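Morning, everyone. I have one model to walk through, and I'll keep it short.

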Amino acid sequence: MKAYDLLDSPQAWCQESPAQDRQGNKLQALDPRAVKWCALSAVQKAYPPSRWGNTMDRLLLALSVSELGLAQMTKSDKACSLMEWNDDRQSSFQEVREILLSADV
């Protein structure tokens, strides 16, 4: 499974929360009640922790972050950048899905 498999429709995506249940309550990414995920949480759900760093790198490169920029970022910086991008009011489900697909994540 890939993150884009989880985020296969606007109804599976959320903003301003790692994940949500059917009632819209905020949850952590790996909560079994989750039915919606942000882009970062979709990565965390779809991949084992050992692959999160590489997968975040691929997403950030697809978002035009330079190799030099990536090299200067911590794993926490990368996660925060992805959350900010996902939660930006200018970001749409379609854009998020397209980036996931283009990064093959």
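First, a term. Buried means under 20% relative accessible area, exposed means over 50%, and partly exposed is in between, with a 1.4 Å probe and protein chains only. Helices (H or I, at least four residues) and strands (E, at least two) are DSSP runs, numbered from the N terminus.

Now the ground rules. This is a predicted model: local features need pLDDT of at least 70, side-chain atom pairs count only at pLDDT 80 or more, and totals for chains, interfaces and linings use all residues. Residues are numbered from 1 along each chain as its sequence is written, and side-chain values use heavy atoms, with hydrogens and water left out.

Start with helix 2, residues 39–46. Of its 8 residues, 6 are buried, so the helix is largely enclosed by the rest of the structure. The buried ones are A39, L40, S41, A42, V43 and A46. What covers them? Contact here means heavy atoms within 4.5 Å. The cover includes helix 1 (3–6), strand 1 (19–20) and strand 3 (36–37). It also includes helix 3 (49–62), helix 5 (75–87) and helix 6 (93–102).

Next, aromatics. Rings of Phe, Tyr and Trp (its six-membered ring) pair if their centres lie within 6.5 Å; planes under 30 degrees apart are stacked, over 60 edge-to-face, the rest tilted. That rule gives 1 aromatic pair. The ring centres of W13 and F93 are 6.3 Å apart and their planes sit at 55 degrees, so the pair is tilted. The two are 80 residues apart: W13 is in the loop between helix 1 and strand 1, F93 in helix 6. Both W13 and F93 are buried.

S91 sits in the loop between helix 5 and helix 6. Is S91 buried or exposed? Buried, at a relative accessible area of 8%. Its side chain reaches the backbone oxygen of W85 at 2.5 Å. Beyond neighbours within four places in sequence, S91 contacts W13, Q15, W85 and N86.

Last, the whole chain. There are 6 helices and 3 strands. Along the sequence the pattern is α-β-β-β-α-α-α-α-α. The C-alpha atoms fill a box of roughly 40 × 30 × 20 Å along the principal axes. Of the 105 residues, 43% are buried. Among contacts with a separation of 6 or more, 50% come from residues 24 or more positions apart.

That's the tour. Over to you.

Note on methods
A polar contact is a pair of N or O atoms within 3.5 Å; within protein, one must be able to donate a hydrogen and the other to accept it, and residues adjacent in sequence count only if both atoms are side-chain atoms.
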